[in-house]
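Dear colleague,

I am passing on a structure that you have not worked with before, and below it I describe what was found. Please keep it open beside this message as you read.

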Amino acid sequence: MAQPLHLLAAPAANTPEGAGQKAEETADAVEKWWQDPTTHEWLIEHPIRIAVILLIAIIAHAILRRVISRVAQHSIDNKPSSKPMLSFGKGHRAAEAAKRATALESAKESRRVSRIRTLANVSRSAAAIFVWVTAIIAILSEVGVNVAPLIASAGVIGVALGFGAQSLVKDFLSGIFMLIEDQYGIGDTIDLGDGTFGDVESITLRITTVRDIDGALWYVRNGEILKVANHSDSFSIARLQIPVGLTNDTQTARDIIAQAARRAVQDTAVAGKVIDDPVLNGVTEFNPDYLSYRLSIKTLPGAQWDVQRAVYAEVLNAMNAHGISTPYPHGVGSPRAIAGRQVGPTSEEESK
């Protein structure tokens with residue numbers, strides 16, 4: 001049977017002539033593909049540009065991290081000017097009080113360093129997010145993705161999140177400013193003015209946890225803290241109100257209270273917590289059935305309540321020992337002032 005003319009004209013593939021023609025065609029196709037501008041664009045231009053973007057992002061990220069770390073270290077090394085030295089009084093407790101005050105300054109410095117490092121970590125994270133989000137957008141634009149709708153969508157989503165999560169943003173901003181201003185730290189005793197009073201156990205950019213006197217742990221959002229009283233900053237004051245019945249001599253009562261307070265602060269249990277000598281401010285209240293003497297004692301931060309309890313106990317014992325009567329309900333006076341009179345109900349009243 002006769003073969004078609006075109007088959008007779010074409011060399012067989014398994015012949016040397018056919019193999020050479022096939023290789024030539026393949027080479028021509030490869031050369032044509034390589035000379036195509038699109039090939040150069042995707043194999044050379046785009047990869048080079050992406051590599052440059054990544055290199056710039058890496059360098060920018062490293063520079064920002066280094067700058068933030070240097071600024072943080074500079075802030076750590078340059079300590080703020082210290083507050084005026086406190087008076088530690090005289091006597092055997094002065095050295096112990098000074099030692100405790102030194103330890104307090106060391107603790108405050110440690111807290112300051114911790115706060116600066118926390119802010120530095122937050123800043124480094126923010127810088128990393130900014131650099132790499134920008135790099136990703138540039139890479140997507142380089143590979144032909146239209147990033148304009150993405151940016152517009154991100155803007156719309158950002159606005160929606162801004163309205164929906166504005167309280168969260170407020171909490172974070174308040175937490176950042178709280179750390180910058182060093183309003184309080186872990187271990188401080190604070191009063192938030194809304195009935196929340198206790199020791200700070202932990203602090204994050206969003207919440208502060210406070211353990212109150214009953215052991216309850218309060219989780220307080222930083223954005224909801226409008227005012228805070230720190231009872232553990234620099235020093236504290238133990239303030240006592242000593243009620244004394246009107247039947248007593250005021251000068252004698254004053255002397256007894258002052259002497260008892262001086263003895264109380266010399267006790268080893270509280271001597272190291274007292275910074276200065278007790279100050280008797282005198283009569284601060286005049287009521288129908290008693291006078292009230294105010295006693296103020298400067299203590300180490302947070303130690304005012306321990307000192308207050310010890311001084312109250314010593315003052316009461318001294319008043320009882322020297323016959324200084326305390327006020328009695330409804331202005332009747334103390335049992336000593338009405339000795340010999342029947343205080344309880346009469347037999348007739350009992351029979352009723």
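How many residues lie between strand 1 and strand 2 in the hairpin that they form, and which residue in the turn has a positive phi? The model is a predicted one, and in it the hairpin of strand 1 and strand 2 has five residues between the two strands, with Gly 193 in the turn showing a positive phi of about 80°.

The pairing of these two strands is antiparallel, with three bridges linking strand 1, which covers residues 189–191, to strand 2, which covers residues 197–203. Thr 189 has Asp 199 of strand 2 as its bridge partner, and Asp 199 in turn stands opposite Arg 211 in strand 3.

Strand 2 continues into strand 3 by way of a hairpin of three residues, and the two strands, of which strand 3 spans residues 207–212, run antiparallel and are joined by five bridges. Within this pairing, Ile 203 has Thr 208 in strand 3 as its bridge partner.

Taken as a whole, the sheet is open and consists of five strands in the order 4-3-2-1-5, with antiparallel pairing. Its edges are formed by strand 4 (217–221) and strand 5 (229–230), each of which pairs on one side only.

Technical notes. Residues numbered from 1 in each chain as written. Predicted model: local features only at pLDDT ≥ 70, side-chain atom pairs only at ≥ 80, totals over all residues. Heavy atoms only, no water. Pairing = 2+ DSSP bridges. Helix = DSSP H or I, 4+ residues; strand = E, 2+ residues; numbered from the N terminus.
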